[in-house]
Amino acid sequence: MATITQPKVEPATLSNEEVLRYSRHLIMPEVGMEGQQKLKAAKVLCIGAGGLGSPLALYLAAAGVGTMGVVDFDVVDYTNLQRQIIHTTADVGRKKLDSAADKIKAINPYVQLRRFDTRLSSDNALELFRDFDIIVDGTDNFPTRYLVNDACVLTGKPNVYGSIFRFEGQVSVFATKEGPCYRCLYPEPPPPGLVPSCAEGGVLGILPGLVGVMQATEAIKLILGKGEPLIGRLLLVDALGMRFRELKLRKNPECPACGAHPTVTKLIDYNEFCGIRGEEAPVTTNVPEIQPEELKSRLDAGEDLFVLDVREPHEYQICNLNGYLIPLGDLPKRVNELDSSREIIAHCRSGVRSAKAVDFLRQAGFRKVKNLAGGILAWSDKVDPSVPKY
Amino acid sequence: MKIHIPTPLRQYADKKDTIEVEAGTVAEALSGLTAKHPDLRRHLYTDEGKLRAFVNLYLNDEDIRYLQKENTKVQQTDTLSIVPSIAGGWSH
């Protein structure tokens with residue numbers, strides 16, 4: 001097999017078993033023996049073995065990508081199984097890296113697998129990327145998106161990008177020599193308060209399948225040097241309408257990362273860049289709280305408490321504490337439904353949205369309003385385990 | 001003209017995916033949109049009234065930054081798309 005130290009003239013050769021395995025590739029002119037050897041010589045790094053990483057790692061392995069790296073630090077949990085098809089029910093509690101490695105090896109034992117049991121960071125990204133030809137971004141947050149992009153620009157590696165929200169996805173190929181990068185498209189991340197929060201998110205289980213397989217397709221086209229890669233094009237996927245739209249992307253000459261006079265010359269603190277400090281928004285720690293046990297005993301004592309649920313109606317259907325429902329987004333226009341003379345306990349799923357609600361109500365003049373610490377999740381843990389967690 | 005509302009912003013636009021407005025320029029289209037759906041305003045504009053950097057606007061398939069920005073002329077048959085950055089996986 002070809003390595004960096006070997007001259008390029010010596011291609012990766014295929015064993016008879018590999019010829020049989022890849023025969024449906026070998027008989028098509030767009031791949032053929034030459035293409036399959038390119039696939040075998042290729043080194044692809046998958047960032048994340050989650051929703052996007054699952055299908056793309058499986059397909060890249062099956063297709064015969066010779067060296068695959070997987071970076072993941074997470075553990076499989078039950079909420080992953082709805083979409084992260086590289087993991088099975090029996091894998092819950094295992095490291096995603098171990099679970100993914102087993103499946104990749106089971107699909108194709110010829111893959112040289114490099115496992116990175118770590119969180120991708122500004123300290124390790126450049127060194128990790130250097131050993132690979134293509135980086136496939138399957139991450140789920142803005143700081144890592146900008147980190148992957150900048151590290152790709154700095155190391156000159158193409159960034160096969162995919163992103164999903166509910167039933168909508170974006171796919172593109174960034175940071176090629178001639179094409180735009182993620183920062184040409186989005187120079188700055190959204191401020192934390194303005195993107196829909198985790199609990200308002202959610203994702204249709206098939207969507208990462210659709211988008212991840214498109215990322216795998218783009219990675220394979222880049223390796224083969226065939227077709228038209230999504231360079232300078234942003235593909236928008238709407239699974240609900242099943243509509244695909246394509247937008248033109250241009251390389252921004254003033255791009256801070258890949259422009260003529262870049263200001264991003266080394267990796268930075270991406271949490272700070274994205275305005276994230278610590279796990280929770282600061283507002284959650286600055287509002288008065290009530291613990292679930294205290295709320296329970298005060299309700300049992302028959303005290304006059306008004307329980308305000310600021311989640312969405314579809315969440316109320318999953319489980320509720322019999323509270324009065326006003327979704328956080330509707331609170332400003334429905335605030336007149338609340339009686340400021342009563343003591344109000346606001347709650348949501350985890351306590352983040354209701355902290356914003358408490359903050360808003362206090363600014364609106366409500367004095368007797370508290371946040372249920374930890375939300376329904378904590379209520380389920382500490383008071384009533386019959387309430388399902390989601 | 002038709003304005004495409006992306007999923008994350010639909011909650012501020014009565015859950016609609018497209019909205020029809022009468023407009024001669026991109027700026028007029030946006031002011032028509034925010035007049036109908038005032039909650040969208042703070043998601044599209046900064047406090048200083050500038051379009052937010054993470055919200056991209058496309059007239060058909062072209063980024064308005066490479067046309068005449070908000071002064072770009074529009075036809076009734078054109079489509080304006082709001083394309084905000086989305087992060088992905090949402091594993092939590």
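Visitor: How many helices and strands are there in chain B?
Guide: This is a predicted model, in which local features need pLDDT of at least 70, side-chain atom pairs count only at pLDDT 80 or more, and totals for chains, interfaces and linings use all residues. Residues are numbered from 1 along each chain as its sequence is written, with chains lettered from A and ligands numbered from 1 in the order in which they are written. Helices (H or I, at least four residues) and strands (E, at least two) are DSSP runs, numbered from the N terminus. From the N terminus on, chain B runs β-α-β-α-α-β-β-β, giving three helices and five strands.

Visitor: What is the radius of gyration of chain B?
Guide: The radius is taken over C-alpha atoms, and the globule rule is 2.2 Å times the number of residues to the power 0.38. For 92 residues that rule gives 12 Å, and the value for chain B is close to it, so chain B is as compact as a globular protein of that length. The radius of gyration of chain B is 13 Å.

Visitor: How many residues does the contact take from chain A and from chain B?
Guide: Two residues are in contact if their C-beta atoms, placed from the backbone, lie within 7 Å. The contact takes 34 residues from chain A and 23 residues from chain B.

Visitor: Which elements of chain A give two or more residues to the side that touches chain B?
Guide: One of them is a helix, H7 (142-155). The strands are E5 (159-165), E6 (168-174) and E8 (243-248) of chain A.
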